[in-house]
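Work through these exercises with the model open. Each task is followed by a stepwise solution.

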Amino acid sequence: MKTIGITTTVPVEVLLAAGCRPVDLNNVLVSDPDPGRYVTIAERAGFPLNCCTWIKGIYGVCLDKGIEDVICVTSGDCSNTEMLMETLLLKGVNAVLFAYPGRPDIPAMQHTLEKLAAALGTSLAAAEKVRKEIQPVRDLAFRLDELTWKDNKATGRENHLWLVSASDFNGDAGKYAKDLQKLLYACESRQPYPRDETRLGYIGVPAVYAGELYPFIEKQGARVVFNEVQRQFAMLEPGESLAEQYTSYTYPYSIQERIKDIKTQLKLRKIDGVIHYVQAFCHRGIGDIVFRDAIDLPVLTLEGNADFFLNTHIKTRIEAFLDMIQRRQKAAKTTASAPGFWLSPE
Ligand code: SF4
């Protein structure tokens, strides 16, 4: 089975229909015990210090692991990937470009999918068959998401890990489903988190220090019950066709598409505050201005660069943010329970 590296979420059903094994290079990077070494490979090759760590890490992973074929997503993800592709081609990697349509449009998406299928030697009909076959796997991810925000029995990190891994199903959809099913059984038998915990939303690209971020938040009496981009990667609202599924996927399109989804979920999940993660040297960081204008809740913007762990500065900022929210929650509770609070003034 041919392995194809991917730089972000692509229509994985098409790759599977072509008999390929998709490998999300971001997931390989962060699950390595020493991810920094991949960044060093890129910097030694000449990547500038002020280039995003994900881009450098992906380059390092490709070279270190001898990945021969890569789908580089440019439009709809990252313009830096264009240069990443050039450098991979220089090293003999068969890097091909994939671009999402400029706006969410089903016929345009249909055309894009047909082109991808033809390039990989398969057809959209075969990919649609795969879509139906893997729907039960997506259903398991949907259930984990519910166990996170509705049943309050899954951790923010579990939610993050399993949803983000749905971009390639860890290279083996069958094993992914089996392991996730085990986790769901374990979650079902847990006691729910306390009702008065602080509920957070996480928006933005996955953090380089995600491994430490979620447990740290939970130590402070809070929990992430909405992982925006990870949930998008998992395609939990797939629709009736691949074209529909990848059109309602908000991440590749304008920030306004994302905001609609974010606001709906913040309300549904009764979120108290939002963490917006931005990656150093990423153009998406500018979107913070738009998010802060649109989101009517306290927002903490955290930046990460090449530290794959939480430094003291970030920990202190998270503590201060949660302290502010928790004081507000306490004050609101005290006011609500004060005698005569519900009596309407005569
Ligand atoms: S974090 Fe930003 S700059 Fe880095 S790969 Fe993602 S979109 Fe590109």
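**Exercise 1.** In this predicted model, find how many residues of helix 8 (residues 156-164) are buried, and state what covers them.

*Solution.*
- Step 1: Apply the cut-off. Buried means under 20% relative accessible area.
- Step 2: Count. Seven of the nine residues in helix 8 are buried, so by this cut-off the helix is mostly covered.
- Step 3: Name them. They are G156, E158, N159, H160, W162, L163 and V164.
- Step 4: Look around them. The cover includes helix 2 (25-31), helix 7, helix 9 (173-188), helix 10 (210-219), strand 6 (222-227) and helix 11 (228-233).

**Exercise 2.** How do helix 3 (residues 36-45) and helix 4 (residues 53-65) pack?

*Solution.*
- Step 1: Take the geometry. The angle is about 90°, and the axes lie 7 Å apart.
- Step 2: Classify. Angles of 65 to 115 degrees count as roughly perpendicular, so helix 3 is roughly perpendicular to helix 4.
- Step 3: List the contacts. Helix 3 brings R37, Y38, V39, I41, A42, E43 and A45; helix 4 answers with T53, K56, G57, Y59, G60, V61, D64 and K65.
- Step 4: Sort by class. This contact has seven nonpolar, three polar and five charged residues.

**Exercise 3.** Which residues have the most contacts inside the largest nonpolar core?

*Solution.*
- Step 1: Size the core. The largest nonpolar core has 94 residues.
- Step 2: Pick out the residues. L88, L180, L200, Y209, L213 and I318 have the most contacts inside it.
- Step 3: Find the top contributor. Helix 7 (residues 124-149) gives the most, with nine residues.
- Step 4: Check for another core. A second, separate one has 13 residues, including W149, V225, F226 and I295.

How values were computed: Residues are numbered from 1 along each chain as its sequence is written. This is a predicted model: local features need pLDDT of at least 70, side-chain atom pairs count only at pLDDT 80 or more; totals for chains, interfaces and linings use all residues. Side-chain values use heavy atoms; hydrogens and water are left out. A nonpolar core is a set of buried Ala, Val, Leu, Ile, Met, Phe, Trp, Tyr and Cys residues joined through side-chain atoms within 4.5 Å. Buried means under 20% relative accessible area, exposed over 50%, partly exposed in between (1.4 Å probe, protein chains only). Helices (H or I, at least four residues) and strands (E, at least two) are DSSP runs, numbered from the N terminus. Axes are lines fitted to C-alpha atoms, for helices over the stretch in contact, and angles run from 0 to 180 degrees between N-to-C directions. Angles under 35 degrees count as roughly parallel, over 145 as roughly antiparallel, 65 to 115 as roughly perpendicular and the rest as oblique. Contact means heavy atoms within 4.5 Å. Ala, Val, Leu, Ile, Met, Phe, Trp, Tyr, Cys and Pro count as nonpolar, Asp, Glu, Lys and Arg as charged, and the others, Gly among them, as polar.
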